[in-house]
Amino acid sequence: MNELVEALWYILPAYFANASPVVFKGKTSMDFGKNFSDGRRILGDGKTWRGFFGGLTVGILISLIQYYALPSYYGSFNLAFKLGFALSFGALLGDLVGSFIKRRANLPRGYPAIGLDQWGFLIAALLLGYPFKSLQTGQVLFLIVITPFIHWFANIFAYKMGWKSVPW
Ligand code: CTP
Ligand code: MG
């Protein structure tokens with residue numbers, strides 16, 4: 001496999017985990033409506049338990065589909081599952097950290113934070129996935145460059161589909 005295609009193949013569960021919560025969006029927010037010590041919401045209404053577990057499930061399913069499509073890439077089902085979990089959980093965790101930072105900066109839910117929105121989930125996914133399977137430095141740089149474009153494209157698509165109220 002071409003090394004750039006391989007990088008995209010590797011990160012696919014993280015992309016799906018990050019993109020799918022918008023379809024699942026639940027009612028109960030992950031911070032249960034609570035405020036932080038600064039009087040602002042801890043995470044805000046944009047982060048729900050249903051979105052989180054929906055995203056985690058979709059991300060893991062994608063990695064299992066990838067395993068059946070190309071078992072040699074992972075070596076074992078066990079590794080594919082662990083990598084899929086790590087990448088998906090990392091993407092969702094990075095997104096939560098991003099929302100936490102946005103609320104501290106007094107940005108309302110859904111307000112764009114350029115950089116944080118596109119790279120936060122990616123960096124966290126790469127860090128958590130690393131112990132299970134690693135990429136070359138060039139592949140990581142490629143993902144850092146290409147992910148904002150894919151993120152914007154996916155959000156415009158979700159907006160056009162009526163899943164999101166804003167195209168970012
Ligand atoms: N979503 C969810 N649960 C999550 C993540 C996302 O339910 N853990 C849903 C919410 O409906 C959210 C939408 O997906 O509004 C889009 O996600 P995102 O852009 O990450 O959230 P924002 O609404 O922009 O909130 P924030 O400002 O905190 O990033
Ligand atoms: Mg957003």
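The C-alpha trace spans about 50 × 35 × 30 Å along its principal axes. Of the 168 residues, 41% count as buried, that is, under 20% relative accessible area with a 1.4 Å probe and protein chains only.

The protein has 7 helices and 0 strands, taken as DSSP runs (H or I, at least four residues, for helices; E, at least two, for strands) numbered from the N terminus. Of the contacts between residues at least 6 apart in sequence, 69% join residues at least 24 apart; contact means heavy atoms within 4.5 Å.

Helix α5 (residues 77–104) packs with helix α6 (residues 116–129) at an angle of about 140°, their axes lying 7 Å apart. This angle makes α5 oblique to α6 (under 35 degrees is roughly parallel, over 145 roughly antiparallel, 65 to 115 roughly perpendicular, and the rest oblique). Residues of α5 including L83, F89 and I101 meet residues of α6, among them L116, F121 and L128. By class, this contact of α5 with α6 has 11 nonpolar, 5 polar and 3 charged residues.

Residues are numbered from 1 along each chain as its sequence is written, and chains are lettered from A and ligands numbered from 1 in the order written. In this predicted model local features need pLDDT of at least 70, side-chain atom pairs count only at pLDDT 80 or more, and totals for chains, interfaces and linings use all residues, while side-chain values use heavy atoms, with hydrogens and water left out.

Technical notes
Axes are lines fitted to C-alpha atoms, for helices over the stretch in contact, and angles run from 0 to 180 degrees between N-to-C directions. Ala, Val, Leu, Ile, Met, Phe, Trp, Tyr, Cys and Pro count as nonpolar, Asp, Glu, Lys and Arg as charged, and the others, Gly among them, as polar. Buried means under 20% relative accessible area, exposed over 50%, partly exposed in between (1.4 Å probe, protein chains only).
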